[in-house]
Amino acid sequence: MQTLTRQLRITEAEVRERKDLLGISHLDELEMIRQRDLVFQFVDELVTEFYEGQIATPKIRNIIGDADTLARLQKAMKIYILSLFDGEYTLDYVESRLRIGKVHSRIGVPPKLYVSSMLQLENLLFKYIKKLGEEPAPTEAITKFFLFDLQLVFDTYIQGLMAEVELGREELLEYAESLEQTILERTSKIEHLANSDDLTGLGNRRSFFKTMSLELSSAQRRSESLSLIFADVDGFKAINDEFGHLKGDQVLRTIASIISKIS
């Protein structure tokens with residue numbers, strides 16, 4: 001199965017460019033690594049406080065649902081926070097962020113809720129580091145990496161939207177083709193009805209004059225003769241009078257069938 005980094009064509013060069021655009025330097029990475037042991041000490045408490053704030057929001061609480069889901073999210077959040085301070089910001093790191101975005105997109109977390117949640121998480125990190133750390137919190141470095149992560153998460157959000165748009169486009173094209181075929185069929189049917197006799201299915205008076213006009217024009221262009229056969233049904237009135245119109249209609253349909261077969 002193709003990785004998300006491959007699907008989105010994210011290379012090592014692309015990762016370096018994204019870091020450069022956000023001003024992420026090697027010193028920023030070192031600042032993050034320097035805080036890892038401290039973060040490990042309070043990560044459980046931070047995660048608990050974070051989700052207490054999350055479930056206070058009805059929309060987020062509804063998305064989380066039950067206690068088992070909450071427990072899984074808390075475990076995943078702990079891993080996420082610690083990985084922020086790992087110092088390994090390679091393609092594997094990028095892949096993990098893309099997957100976070102894909103999961104949140106699939107379960108229907110709108111970007112506005114995701115961004116607000118990440119802001120709360122960032123603020124909590126600042127609070128705990130300032131409270132427990134002996135040195136100033138690397139707020140600038142943390143903010144840069146949160147923005148780096150948000151870029152990646154939204155890449156998968158956008159990818160999901162584009163996939164939905166493409167699917168909708170294909171469905172629309174299929175519907176349009178189906179509709180066009182239906183219109184063609186109905187137009188052909190209407191045209192047939194307009195030029196056919198309801199009883200026999202043979203061409204009606206309108207069809208006769210249209211066909212005659214075309215045949216006469218064609219014969220004149222080629223300087224050819226044109227023949228016209230006129231037939232009458234002898235004693236047809238007597239059939240209607242003696243046996244009724246239903247029988248007469250049956251006779252006409254039989255004659256029409258014979259004409260269709262030999263014409």
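1. Buried is used here for residues under 20% relative accessible area, with exposed meaning over 50% and partly exposed in between (1.4 Å probe, protein chains only). By that criterion, the buried residues of H7 are Tyr93, Val94, Glu95, Arg97, Leu98 and Gly101. This is a predicted model, in which local features need pLDDT of at least 70 and side-chain atom pairs count only at pLDDT 80 or more, while totals for chains, interfaces and linings use all residues. Residues are numbered from 1 along each chain as its sequence is written, and side-chain values use heavy atoms, with hydrogens and water left out.

2. Gly108, which follows H7, has a positive phi, near 85°.

3. The axes of H4 (residues 36-54) and H8 (residues 111-132), being lines fitted to C-alpha atoms over the stretch in contact, with angles from 0 to 180 degrees between N-to-C directions, come within 10 Å and cross at roughly 140°. H4 and H8 are therefore oblique to each other, a term for angles that are not under 35 degrees (roughly parallel), over 145 (roughly antiparallel) or 65 to 115 (roughly perpendicular).

4. H6 (residues 67-84) packs on H8 at about 60°, with the axes 13 Å apart, and this pair is therefore also oblique. Met77, Tyr80, Ile81 and Leu84 of H6 make the contact (heavy atoms within 4.5 Å) with Met118, Leu121 and Leu125 of H8.

Note on methods:
Helices (H or I, at least four residues) and strands (E, at least two) are DSSP runs, numbered from the N terminus.
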